[in-house]
Amino acid sequence: MKHTFNEAYEIGICDVCGLVEGSLTTDCPGEPSYKQADEVYERKLDYRSEEGWVSKFSPHRQRVLYTAAWDYHNNRSPYGSKEELMIHLGATKEEYNTVKKQILKDRHFT
Ligand SMILES: [Zn+2]
């Protein structure tokens, strides 16, 4: 299910699960999920309707990885190598390559 955003707030907060912006999962878990919020924000935890809670990147973490990889490809990265970047962000080679493909695509169209 989709998150139900409370219109009373300017930031995205879901009325059902209580998750806020950077902690929002791909799909709504359907119940209060405050306990998982930090982990969704800082590490690798996401909720997907078909899979439940999974050790995958949430939308926020995907952006973090994307930005880090983008900087790396533009030689503006604090990381010395892409391996260092992957370890720091907890990304597997496959996940990194998926993001890299997206970056090459985005670059092509900008
Ligand atoms: Zn929700």
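How many residues of domain 1 are in contact with residues of domain 2? In this predicted model, 6 residues of domain 1 meet 4 residues of domain 2. The domain assignment places domain 1 at residues 1–56 and domain 2 at residues 59–109. Taken over C-alpha atoms, the centres of domain 1 and domain 2 are 23 Å apart. On the side of domain 1 that touches domain 2, the residues comprise 2 nonpolar, 2 polar and 2 charged.

Nonpolar side chains tend to be buried together in soluble globular proteins. The largest nonpolar core here has 7 residues. Its members are Phe-57, Leu-65, Ala-68, Ala-69, Tyr-72, Ala-91 and Val-99. Helix H2, spanning residues 59–73, supplies 4 residues, the largest share of this core. A second core is separate and holds 6 residues, including Cys-14, Leu-19, Leu-24 and Leu-45. Within the largest core, Ala-91 is one of the members. Leaving aside residues up to four places away in sequence, Ala-91 touches Leu-65, Met-86 and Tyr-96.

Backbone geometry draws attention to Asn-75. This residue sits in the loop between H2 and helix H3, the latter covering residues 82–89. The phi of Asn-75 is near 55°, a positive value in a residue other than glycine. Most residues other than glycine have a negative phi. Is Asn-75 buried or exposed? Asn-75 is exposed, because 6 other C-beta atoms lie within 10 Å, and a residue counts as exposed at 12 or fewer.

Technical notes. Residues are numbered from 1 along each chain as its sequence is written. This is a predicted model: local features need pLDDT of at least 70, side-chain atom pairs count only at pLDDT 80 or more; totals for chains, interfaces and linings use all residues. A nonpolar core is a set of buried Ala, Val, Leu, Ile, Met, Phe, Trp, Tyr and Cys residues joined through C-beta atoms within 7 Å. A residue is buried if 20 or more other C-beta atoms lie within 10 Å of its own, exposed if 12 or fewer, and partly exposed in between; C-beta atoms are placed from the backbone. Helices (H or I, at least four residues) and strands (E, at least two) are DSSP runs, numbered from the N terminus. Two residues are in contact if their C-beta atoms, placed from the backbone, lie within 7 Å. Domain bounds come from an automatic or database domain assignment. Ala, Val, Leu, Ile, Met, Phe, Trp, Tyr, Cys and Pro count as nonpolar, Asp, Glu, Lys and Arg as charged, and the others, Gly among them, as polar.
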